[in-house]
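Open the model in your viewer and keep the selection tool ready. The tour goes stop by stop.

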Amino acid sequence: MVILDRRLDHTSRVLVDDHHVALLRVDSLDPRRLISGVGWKLAIDAGLGVGPADFNAVLLRRFPAQIRSDQVPGWKGDVPQPRRGATAALADLQLRDPCGSVQLAGTAVGAAFVGVVTACLGVAQGIRTALSGDGFDVINLHLQTDDVDLAPATCEVDVLATRLCAL
């Protein structure tokens with residue numbers, strides 16, 4: 001395993017010496033839209049919820065999938081993002097740190113357990129795909145309510161040249 005920390009932009013491409021499985025965590029939509037064009041055999045994007053209402057939400061997307069990363073409806077630039085109206089209650093809430101959420105540079109970020117669960121799910125998706133070729137295109141999980149939505153994999157991915165099998 002190799003851990004690389006580099007910018008994902010329109011010039012990013014898989015190189016011959018690169019590993020062809022990418023576990024990604026990006027913090028904006030622009031790089032997410034580029035994932036399908038980089039050339040990884042398998043890319044798993046891990047998104048975390050934001051704010052006090054959904055800091056414990058997890059969204060994993062696997063590529064290749066039925067739709068390319070630049071075609072994910074929620075990742076399109078013209079999708080309006082809901083805005084909350086300014087109220088005294090919201091202003092008060094923004095000054096507090098609800099249980100499990102931490103303020104970093106004025107932004108609510110998920111507590112450590114959310115990142116750990118997300119990382120475990122991302123690695124498990126990569127292993128599952130490498131060993132059996134299947135998995136999920138989408139895993140949408142809320143850790144507080146245990147709500148989970150799964151979309152089965154729609155594209156077979158050949159991460160290993162030969163599948164492993166029991167003897």
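How many aromatic pairs does the structure hold? It holds one. Rings of Phe, Tyr and Trp (its six-membered ring) pair if their centres lie within 6.5 Å; planes under 30 degrees apart count as stacked, over 60 as edge-to-face and the rest as tilted. Select F63 and W75: their ring centres are 5.9 Å apart and their planes stand at 50 degrees, so this pair is tilted. The pair links distant parts of the chain, with F63 in strand β3 (residues 57-63) and W75 twelve residues away in the loop between β3 and α3 (88-95). Helices (H or I, at least four residues) and strands (E, at least two) are DSSP runs, numbered from the N terminus.

This is a predicted model: local features need pLDDT of at least 70, side-chain atom pairs count only at pLDDT 80 or more, and totals for chains, interfaces and linings use all residues. Residues are numbered from 1 along each chain as its sequence is written, and side-chain values use heavy atoms, without hydrogens and water.

Now show the open sheet of five strands, ordered β1-β2-β3-β6-β7 with mixed pairing. Strands pair if DSSP finds at least two bridges between them. The edge strands, β1 (21-24) and β7 (147-152), each pair on one side only.
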